Amino acid sequence: MSFFKKVTSLFGSASESSESKEAPAPAGHKVSSVGSAGTAPKSGEKIEPKGGGIEQVRHIVAVGSGKGGVGKSTITLNLALALAQQGLKVGVLDADIYGPSQQHLTRAPKPEMSGEDRLNPSEYEGVKIISVAMFTGVNQAQVLRGPMATQLLRQFLTQVNWGELDYLLIDLPPGTGDIQLSLAQMAPLSGAVLVTTPQEMSIIDVRKAVSMFKTLNIPMLGVIENMSYFICDSCEKKHYIFKKGGGSRLAAELGLPLLAEIPLDPRVVETSDEGKAVMVQMPSSDAAKAFVNSARIISEGLALQQKSGGDGGLGYFLLEWK
Ligand SMILES: Nc1ncnc2c1ncn2[C@@H]1O[C@H](COP(=O)(O)OP(=O)(O)OP(=O)(O)O)[C@@H](O)[C@H]1O
Ligand SMILES: [Mg+2]
Ligand SMILES: [Zn+2]
């Protein structure tokens, strides 16, 4: 039985006994063969792409924040749609194994198997998407041990037929844990986008993510401030509910571009809960415009970086965008 089928059946009866049966061997031991690439590498080992997976992906960009609930998933999806609007080929990998959102945000159908050990990604508005919730449904708790979650992430990177992509955006879980570390070890990331809300409470947590990305040598591409202000119906003024300027101060402190200040807009929640994206439903909203602008800065910045030979990425990026 292929790994994905095993995983699906595992979620079907997420009992302790079946979980431990499927748990991979401890690091240092060979785990059973997963896929055409042959024997699976050890957990955390760098993936050497062989015919598929992320082999033809030009840029892998993680969307992260130390903080939960600041809008990472919403931003990942809308940013992906904005990049796709530029005519780029884009995918979204939901790396939030324990709290996946991309299925709820898109209602994308369950991916089709391709042969014994491959999966064709699902799709929303031309963006290829994979999320563990596509196998389990959004309401089922992901009862998994850490190594199993890492293994799933690995399969999403190696056994999904991503094909040729300009961008694979990774929707990271909150915090600075195992998944982030494993991802950085396994996949060659072009960079990370930091998401914060304006208030200091959020920025404190984002600084933890900054320190993690620095430790992992992942260039940071810029800061997106979400829920920056609210425009009310009665006076049409901007109300700065979570204080003003936190994102721009953080960006300045880090020497990074502020990619966007996205308004707090109830329509973002409404469209999200309907499984549609604001980028698609309300392309002329300020939120959508902010995504378009961020996508342009990111793609232009990374194109410049690539032109330069991609040596040490960040320095060049900063030089261009400061
Ligand atoms: N600009 C916005 N305006 C209004 N609501 C927003 C905005 N951005 C995100 N939201 C809402 O905030 C909630 C949290 O967003 P989201 O799930 O994207 O955050 P997250 O950082 O991915 O959370 P988690 O850490 O749990 O993964 C959702 O209900 C979403 O619709
Ligand atoms: Mg999320
Ligand atoms: Zn008002």
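Over which residues near the end of the numbering does pLDDT stay under 50, and how many contacts beyond four places in sequence does the model have for them?

## Confidence of the model

The stretch in question is residues 311-322, where pLDDT stays under 50 and the model has 17 contacts beyond four places in sequence. The structure is a predicted model. For the chain, the mean pLDDT is 83, and 78% of the residues reach 70 or more. Residues 9-41 also have a pLDDT below 50, and this stretch has 45 contacts in the model beyond near neighbours in sequence. Where pLDDT is low, the predicted coordinates should not be read in detail.

## Overall organisation

The chain comprises 13 helices and 12 strands. Of its 322 residues, 49% count as buried. Among contacts with a separation of 6 or more, 76% are between residues 24 or more positions apart.

## Nonpolar core

The largest nonpolar core contains 83 residues, and those with the most contacts inside it are Val-61, Ala-80, Leu-168, Leu-169, Ile-170, Ala-192 and Val-193. Helix 3 provides the largest share of this core, with eight residues.

Ile-170 illustrates the packing. With neighbours within four places in sequence left aside, Ile-170 is in contact with Ile-60, Val-61, Ala-62, Val-63, Leu-93, Ala-95 and Leu-183.

## Surroundings of ligand 1

Ligand 1 is surrounded by 20 residues, of which Gly-68, Gly-71, Lys-72, Ser-73 and Thr-74 are the closest. By class, this shell has nine polar, eight nonpolar and three charged residues.

Two helices, helix 3 (72-85) and helix 10 (266-273), each supply at least two residues of the shell.

Helix 9 covers residues 246-254, and its buried residues are Gly-246, Gly-247, Leu-250 and Ala-251. Viewed down the axis of helix 9, these buried residues fall within an arc of 130 degrees, so they line one face of the helix. An α-helix has 3.6 residues a turn, so residues three or four places apart point the same way.

The elements against which the buried residues of helix 9 pack are strand 8 (191-196), helix 8 (200-215), strand 9 (220-226) and strand 12 (258-262). After helix 9 comes Gly-255, whose phi is positive, near 65 degrees.

Thr-215 lies in helix 8. This residue is exposed, because 11 other C-beta atoms lie within 10 Å and the cut-off for exposure is 12 or fewer. The C-alpha atoms of Thr-215 and Leu-181 are separated by 10.0 Å, and the two residues are 34 apart along the chain.

Asn-217 belongs to the loop between helix 8 and strand 9. Its phi is near 60 degrees, a positive value in a residue other than glycine. Asn-217 counts as exposed, with 11 C-beta neighbours inside 10 Å.

Most residues other than glycine have a negative phi, and most peptide bonds are trans. Met-227 has a positive phi, near 60 degrees, and is a residue other than glycine. Met-227 is found in the loop between strand 9 and strand 10 (230-231).

Is Met-227 buried or exposed, given its C-beta neighbours inside 10 Å? Met-227 counts as buried because it has 22 such neighbours, where 20 or more are required.

Note on methods:
Residues numbered from 1 in each chain as written. Chains lettered and ligands numbered in written order. Predicted model: local features only at pLDDT ≥ 70, side-chain atom pairs only at ≥ 80, totals over all residues. Near = placed C-beta within 6 Å. Helix = DSSP H or I, 4+ residues; strand = E, 2+ residues; numbered from the N terminus. Nonpolar A, V, L, I, M, F, W, Y, C, P; charged D, E, K, R; others polar. Arc of directions from axis to C-beta. Contact = placed C-beta atoms within 7 Å. pLDDT = per-residue confidence, 0-100. Core = buried A, V, L, I, M, F, W, Y, C linked by C-beta atoms within 7 Å.
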